[in-house]
Amino acid sequence: MTETSRRPGPAALFVLLLGVGALSFAWRLNGLLPTDQWEAALFAPGATYAELLVHESLFPRALIALICGAALAVAGALLQQALANPLAEPATLGVSSGAFLALALVGVWAPELAVSAREIVSLCGAGLAAALVFVAARPQRYSPLSLVLSGLVISMGCGAAAAAVALFYQTGMLSLFVWGSGSLAQNDWTAVTFLGPRLAILIPVAAILARPLGLLSLGESAARSLGLSPRALQIAAVMTATAIAALTVSAVGVVGFIGLAAPMLAGLAGARRYPTRLCWSALLGAALLFCADEVVQQISAFAGEDIPTGGVTAVLGAPLLLVMARRLRPAGIPSTQDGRQLALGRPGLVLGLGAAALAAVAWLSLSLGPHPDGWRLVSLMEINPYLPWRAARLGVAAGAGALLGLSGVIIQRLTANPMASPELLGVSAGSAFGVMAMTVVIASPDALAWAGSAGLGALVAFVIVAVIARRSAFSPELVILAGVAINTLLAAVMTTWLATGDPRVFAVARWMSGSTYFATSGDALTALAAGAAAVACVPLVARWLDILPLGMPSAQALGVDPAASRSILMVATAVSAAAASVFVGPLTFVGLIAPHVARSLGCRRAMTHLFGSALVGSLVLASGDWIARVAFYPNQLPLGVVGTLLGGLYFIGLAMTRR
């Protein structure tokens with residue numbers, strides 16, 4: 001008997017998942033009503049609390065879980081087949097986050113549209129996010145890694161924008177987190193009646209596309225010989241999947257990774273032909289989400305907290321991404337050499353001009369700003385009253401920018417991956433998770449506790465990524481996919497905790513958004529001192545960064561211990577990124593932007609690259625803090641939100657220009 005024949009078939013897996021969920025559902029239902037009253041509670045409920053609860057909550061929630069699970073699985077199967085990418089699904093491609101952001105914005109500024117046209121709003125948001133992902137991945141010919149990486153950046157950008165909305169309108173913050181986490185809780189049959197008829201139109205469209213999409217496995221030339229247009233077929237599949245995902249998000253929020261898990265399970269269980277795999281993906285997705293939701297409800301009842309189902313299903317993403325990564329061919333990571341370079345070929349001149357630019361930005365940040373009577377540029381004689389808060393914010397931004405610029409250079413050179421940054425390799429998510437864990441343990445944490453917990457979390461996350469990637473000799477593809485997996489896992493845990501309504505949520509959410517509003521002179525001195533200390537250490541590590549990319553034999557021949565030097569550099573990266581995140585939050589993307597700008601200006605050797613990136617990082621965050629302070633005066637945006645939005649736009653532009 002072969003190994004394949006010993007595996008349980010898709011039917012057995014479906015029965016197992018559905019049976020576990022059904023048993024849990026029946027057990028909870030029996031605790032409310034005797035068996036002979038179930039039918040009456042479903043079709044003709046009485047006026048008792050138990051019957052109303054069963055009719056208006058339990059049955060609609062079970063049905064919406066089945067419907068959403070099937071829909072997300074179909075969307076994932078369509079995307080995976082159309083893009084020939086086993087990692088493709090609405091969550092990894094940023095579609096769900098785009099729909100969520102659009103609905104959140106409309107819910108705040110045009111609530112009437114959120115009721116009357118929510119499907120159109122969610123479709124627009126999902127479509128725009130998908131378009132940005134594909135535009136960013138086009139130069140790499142939509143390789144699996146480029147699509148996942150672009151989707152992660154778009155998701156982070158959408159999350160940053162949603163965080164800004166939440167901080168502006170804190171009264172609806174908790175409900176925004178709960179909905180964004182994919183809560184399947186129901187109070188009536190509205191979601192079922194909204195989603196059911198619309199999916200009844202789109203799912204048959206997916207079924208019609210199944211056979212032609214299956215022929216794409218023969219190759220584009222074979223598909224054309226059979227009279228098919230591969231590009232038109234792919235566009236139709238992506239549009240159908242986007243519409244399905246957008247409607248699902250508009251009904252229940254973001255439920256992640258069902259679209260990745262269900263097709264994978266169907267394939268592993270033996271559904272090889274695509275039409276068969278699509279059918280079993282829908283059934284397994286429905287059973288999987290139903291079973292997961294039942295488990296979540298059992299845990300919620302035991303813990304006394306309402307845990308969002310979407311946050312729990314997203315935890316599946318980390319191991320699944322790593323499992324599926326083994327199936328990927330090398331994605332063609334672009335060289336670290338930037339083909340376009342400005343005429344400034346003298347690194348000393350570049351650094352001097354960078355220092356002058358930073359001084360100019362610092363002066364403008366301190367002296368130029370809006371006032372009740374209009375914009376004013378105050379003179380040196382008038383600047384003293386504005387220094388206490390403007391100088392503190394400027395110092396924090398400049399010091400954190402230098403730290404992030406340095407950590408970005410180290411990560412990109414160590415991984416030979418110009419698209420790497422602390423945010424994409426799990427360091428930032430690790431620091432955020434460390435801070436969250438610290439707030440649970442310590443009632444009134446001080447600045448040292450915040451810094452220590454952020455540093456420890458970042459270090460642990462980066463070590464996990466390094467251990468995973470070590471088996472592939474630090475292959476750039478696996479390094480970044482491991483970072484994406486860690487990001488996915490920790491973000492799911494944090495989002496679930498944020499949705500619980502814990503009073504500590506607001507302080508942590510403010511920190512995660514990177515607000516410098518409460519910066520003090522002590523914070524500024526600490527950030528500047530940390531940045532200066534890191535810059536002072538550049539001569540100690542620059543030689544390693546010049547030699548390590550040459551390979552292990554060359555490094556050993558030149559007297560460098562590759563293992564020890566890599567370990568020290570990894571620790572330095574984690575500490576720098578974590579220290580910066582204490583002041584400006586875990587998401588800014590300065591670690592991605594600064595090394596590229598410095599390299600394009602002619603800073604190629606490690607020494608000048610590190611100094612140049614530190615200057616650019618300080619310049620970007622100092623400018624970003626000024627924008628955050630004045631763009632929506634008298635309201636103020638968090639610096640981390642501005643940095644993430646700018647970084648996302650830069651990432652898209654960078655990806656589009658690479659070949």
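Reader: Which residues in α18 and α26 meet?

Author: A contact means heavy atoms within 4.5 Å, and helices (DSSP runs of H or I, at least four residues) and strands (runs of E, at least two) are numbered from the N terminus. On the α18 side are Val396, Ala400, Leu403, Leu404, Ser407, Ile410, Ile411 and Leu414, and they meet Arg566, Leu569, Met570, Thr573, Ser576, Ala577, Ala579, Ala580, Phe583 and Val584 in α26. Sorted by class, the contact of α18 with α26 has 14 nonpolar, 3 polar and 1 charged residues. Nonpolar covers Ala, Val, Leu, Ile, Met, Phe, Trp, Tyr, Cys and Pro, charged covers Asp, Glu, Lys and Arg, and the others, Gly among them, are polar.

Author: The model is a predicted one, in which local features need pLDDT of at least 70, side-chain atom pairs count only at pLDDT 80 or more, and totals for chains, interfaces and linings use all residues. Residues are numbered from 1 along each chain as its sequence is written, and side-chain values use heavy atoms, with hydrogens and water left out.

Reader: At what angle do the axes of α18 and α26 cross?

Author: Two packed helices are described by the angle and the distance between their axes. An axis is a line fitted to C-alpha atoms, for helices over the stretch in contact, and angles between N-to-C directions run from 0 to 180 degrees. For helix α18 (residues 387–415) and helix α26 (residues 562–584), the axes cross at roughly 150° and come within 8 Å. The two helices are therefore roughly antiparallel to each other; the classes are roughly parallel under 35 degrees, roughly antiparallel over 145, roughly perpendicular from 65 to 115, and oblique for the rest. The crossing of α18 past α26 is left-handed, a term for a near helix turned anticlockwise from the far one by less than a right angle, with clockwise being right-handed.

Reader: Is α24 oblique or antiparallel to α26?

Author: The axes of helix α24 (residues 538–547) and α26 cross at roughly 125° and come within 11 Å, so α24 and α26 are oblique to each other. This crossing is left-handed. Val541, Trp544 and Leu545 of α24 make the contact with Ser565, Ile568 and Leu569 of α26. By class there are 5 nonpolar, 1 polar and no charged residues.

Reader: How are α2 and α4 set to each other?

Author: Helix α2 (residues 10–30) and α4 have axes that cross at roughly 175° and come within 12 Å. They are therefore roughly antiparallel. Leu18, Phe25, Arg28 and Leu29 of α2 make contact with Val54, Leu58, Phe59, Ala62 and Leu66 of α4. That contact has 8 nonpolar, no polar and 1 charged residues.

Reader: Why is α18 called largely enclosed?

Author: Buried means under 20% relative accessible area, exposed over 50%, and partly exposed in between (1.4 Å probe, protein chains only). In α18, 25 of the 29 residues are buried, so the rest of the structure largely encloses this helix. Across the protein, 56% of the 659 residues count as buried. The buried residues of α7 include Arg118, Glu119, Val121 and Ser122.

Reader: Is Gln234 buried or exposed?

Author: Gln234, in helix α12 (residues 230–252), is buried at 19% relative accessibility. Leaving aside neighbours within four places in sequence, Gln234 is in contact with Ala82 and Leu216. Thr309, in helix α15 (residues 309–314), is buried at 1%. The C-alpha atoms of Thr309 and Leu184 are separated by 6.6 Å, although these residues are 125 apart along the chain.

Reader: What phi does Ala84 take?

Author: Most residues other than glycine have a negative phi. Ala84 has a positive phi of about 50°. Ala84 sits in the loop between α4 (49–83) and α5 (95–109) and counts as exposed at 61% relative accessibility.
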